[in-house]
Amino acid sequence: DYNRLSGTLPPELPTAFEFFNVNANELSGTLPRNLEQLSSLSRFAVASNSKLSGTLPSGQLSQTVRQILVGLTQLSGTLRALEDHLLHKRSYLLHQ
């Protein structure tokens, strides 16, 4: 959080990632394309990166995901797949 990072996110993340937190930076570009394959991911936070664009994942995220923060970005798309996933876990937080 708040590291004043700039540039783009990598096209893919290592599959062993558990926490991906780059909130409140100056990142641009699109989300990594392999988010749905990260089997250990528990926190995905990219909020407050106003130049981050592209679409939200349309498929199912790992059952390990506990927190998703995507607000204050240029991300688009439906959160329907995410909402269905989150309805089964009360510990989830979703910020749009």
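1. Surface. The protein chain exposes about 5,600 Å², and carbon and sulfur atoms supply 49% of that area. Accessible areas come from the Shrake-Rupley method with a 1.4 Å probe; for residues, only the protein chains shown count as cover.

2. Basis. This is a predicted model: local features need pLDDT of at least 70, side-chain atom pairs count only at pLDDT 80 or more, and totals for chains, interfaces and linings use all residues. Residues are numbered from 1 along each chain as its sequence is written, and side-chain values use heavy atoms, with hydrogens and water left out.

3. Fold. Helices (H or I, at least four residues) and strands (E, at least two) are DSSP runs, numbered from the N terminus. The order along the sequence is β-β-β-β-β-β-β-α-β.

4. Of the 96 residues in the protein chain, 43% are buried. Buried means under 20% relative accessible area, exposed over 50%, partly exposed in between (1.4 Å probe, protein chains only). Among contacts in the protein chain with a separation of 6 or more, 39% join residues 24 or more positions apart. Contact means heavy atoms within 4.5 Å.

5. Core. The largest nonpolar core holds 18 residues. Such a core is a set of buried Ala, Val, Leu, Ile, Met, Phe, Trp, Tyr and Cys residues joined through side-chain atoms within 4.5 Å. Leu 9, Phe 20, Leu 31, Leu 35, Phe 44, Val 46 and Val 70 touch the most other members. Not counting residues up to four places away in sequence, Phe 44 touches Phe 20, Leu 31, Leu 35, Gln 67, Ile 68, Leu 69 and Val 70.

6. Asn 34. This residue sits in the loop between strand 3 (26–29) and strand 4 (43–45). Asn 34 counts as buried because its relative accessibility is 7%. Residues up to four places away in sequence aside, Asn 34 touches Pro 11, Glu 12 and Leu 13. Thr 15 is 19 residues away along the chain, with 8.4 Å between its C-alpha atom and that of Asn 34.

7. Thr 73. The loop between strand 6 (67–69) and strand 7 (74–76) contains Thr 73. Its relative accessibility is 16%, so Thr 73 counts as buried. The side chain of Thr 73 reaches the backbone oxygen of Val 70 at 2.9 Å. A polar atom of the Thr 73 side chain also lies 3.2 Å from the backbone nitrogen of Leu 75. Neighbours within four places in sequence aside, Thr 73 is in contact with Val 46, Ala 47, Ser 48, Asn 49, Ser 50 and Leu 52.

Key:
A polar contact is a pair of N or O atoms within 3.5 Å; within protein, one must be able to donate a hydrogen and the other to accept it, and residues adjacent in sequence count only if both atoms are side-chain atoms.
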